[in-house]
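Please look at the structure first.

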Amino acid sequence: MVKNSQENVFLGNEMISKKDGILHIDGYKIEEIAEKYGTPLYIMSETQIKNNFEKYTQAFNRYTEETGKEVIFSFAYKANTNLAITTLLNKMGCGADVVSSGELYIAKLSKVPSNKIVFNGNCKLVEEIKMGIETDIRAFNVDGISDLILINETAKEMGKIANVSFRVNPNVDPKTHPKISTGLKKNKFGLDIEDGTALKAIKMALEMENVNVVGIHCHIGSQLTQIDPFIEEANKLMEFIVSLSEEGIKMRDLNIGGGLGIPYDKNTKIPVQDDLAKAVIDTIMTYSDKIELPNLIIEPGRSIVGTSGILVGKTIHRKETKVANWIMIDAGMNDMMRPAIYEAYHEITPCTIREGTEEVLNIAGGLCESSDVFGKDRKIPTIQVGDYVAVLDVGAYGISMANNYNSRGKPAMVLTNENEISLIRERESLSDLIAKDRVPNHLL
Ligand SMILES: Cc1ncc(COP(=O)(O)O)c(C=O)c1O
């Protein structure tokens with residue numbers, strides 16, 4: 001496939017460029033990739049993932065330089081668990097935040113060192129806890145008192161000791177979409193600091209024989225577009241850690257969760273890795289005269305992979321009604337759920353830009369649901385039947401939330417870098433759709 005040098009960055013996505021009206025990703029024509037691999041197709045840019053992750057390591061390096069303490073990045077696997085992506089991140093030194101035995105399995109296959117794996121979740125199952133203990137992970141983030149008891153009992157049965165951190169609920173408003181807010185009292189996650197439940201759980205754990213208390217954890221929400229909530233979170237966590245140290249309880253790790261947003265809407269400026277690092281490190285450092293500072297763990301998902309992915313669909317129909325002009329593409333909400341479930345905004349663009357032909361379009365998939373619409377009232381260059389259309393910034397919570405609704409196979413996925421294009425997920429076939437179904441004898 002012929003590669004063109006990047007002429008100009010498109011819509012702020014570093015790896016997407018436009019040359020003579022034709023969009024490229026990592027220097028390759030998107031349309032040619034779509035022709036070769038078919039649609040719907042996820043295209044992930046390795047270059048962009050590397051850039052996003054390197055921005056994190058560079059920004060947080062100061063913490064290690066100034067405190068001598070470790071900074072561990074545990075990629076939130078729920079954002080994207082494709083094995084090529086998780087292997088790439090492991091190669092770059094990134095750990096794993098997992099929430100199921102499936103994600104832990106993928107982390108192990110990706111060869112993530114056990115001391116960079118943390119296990120989250122408010123309802124961990126015994127089999128999952130066992131697998132985490134067998135893997136000797138860095139910590140289970142305990143979400144409730146009964147979760148703690150279950151971890152201790154499971155470890156006891158296995159004759160092992162499990163490392164535990166405590167997910168606290170700091171009651172901080174993340175100022176994000178309510179469906180992805182997690183650190184308010186009304187949310188289901190974590191142990192309340194204010195009413196003393198968190199302290200009670202930690203003291204219980206210190207009396208238990210099969211858990212080892214290692215840290216404090218918190219995650220206040222996802223797609224945060226302001227820095228203030230992170231500062232408020234860091235202050236509440238550090239105040240809690242200081243109050244614990246006054247009772248003689250020392251915490252090795254402070255895990256601040258993930259949550260940094262990405263600029264889905266290119267007109268809105270939002271904080272980047274440097275802003276997050278400055279805010280968090282400056283806040284934590286103000287406590288350095290009170291305690292020995294902890295290691296820092298961060299669990300970003302979206303801000304590592306979100307901007308690196310696009311979903312390409314082919315235009316099958318145009319439908320012009322009195323109300324709107326509709327573009328129907330072969331990708332649908334089963335491939336990418338975010339607009340349907342969160343009313344999330346994603347930039348949408350034809351892959352060939354016919355300059356000066358802007359019109360207002362609705363872009364929809366082909367599923368039998370009115371919510372199967374990727375974007376409404378978009379003023380974009382015209383799209384004709386047969387044109388390829390890209391939905392941008394779908395690298396996080398895209399393929400990982402994809403499903404088989406309307407019995408559609410999940411899409412294929414390729415990874416691009418400056419040297420090559422690799423297929424990293426095969427398109428699901430018709431037989432894949434029924435592979436796990438069984439018809440009982442009396443119906444045959
Ligand atoms: C506990 C935990 N950590 C990290 C993340 C990652 O969040 P984000 O993708 O916004 O960085 C999530 C996402 O929901 C989470 O629940």
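On the surface, Leu 83, Tyr 105 and Leu 109 make up a nonpolar patch with about 300 Å² of accessible area together. A patch takes residues with over 30% relative accessible area and no salt bridge, and joins nonpolar side chains within 5 Å. Accessible area is computed by the Shrake-Rupley method with a 1.4 Å probe, and a salt bridge is a side-chain nitrogen of Lys or Arg within 4 Å of a carboxyl oxygen of Asp or Glu. Tyr 105 sits in helix H4 (residues 101–109); helices are DSSP runs (H or I) of at least four residues, and strands (E) of at least two.

The model is predicted, with pLDDT of at least 70 needed for local features and 80 or more for side-chain atom pairs, while totals for chains, interfaces and linings use all residues. Numbering starts from 1 along each chain, and side-chain values use heavy atoms, without hydrogens and water.

There are two cavities of 30 Å³ or more. A cavity is a set of points on a 1 Å grid where a 1.4 Å probe fits but cannot get out, and its lining residues have an atom within 4 Å of a point.

| Cavity | Volume | Lining by class |
|---|---|---|
| Largest | about 40 Å³ | five nonpolar, two polar and one charged residues |

The lining of the largest cavity includes Gly 132, Asp 136 and Phe 140. Helix H5 (126–135) and strand S10 (162–169) each give two or more residues to this lining. Among the residues that line the second largest cavity are Tyr 56, Phe 230 and Pro 300.

Key: On a 1 Å grid over the protein atoms alone, a cavity is a set of points where a 1.4 Å probe fits but cannot get out, and a pocket is an open set with protein on both sides within 12 Å along at least five of seven lines; lining residues have an atom within 4 Å of a point. Grid points are joined across faces, edges and corners, and a volume is the space filled by probe spheres set on the points. Ala, Val, Leu, Ile, Met, Phe, Trp, Tyr, Cys and Pro count as nonpolar, Asp, Glu, Lys and Arg as charged, and the others, Gly among them, as polar. Patches are made of residues with over 30% relative accessible area and no salt bridge: like charges are joined within 9 Å, nonpolar side chains (Val, Leu, Ile, Met, Phe, Trp, Tyr) within 5 Å.
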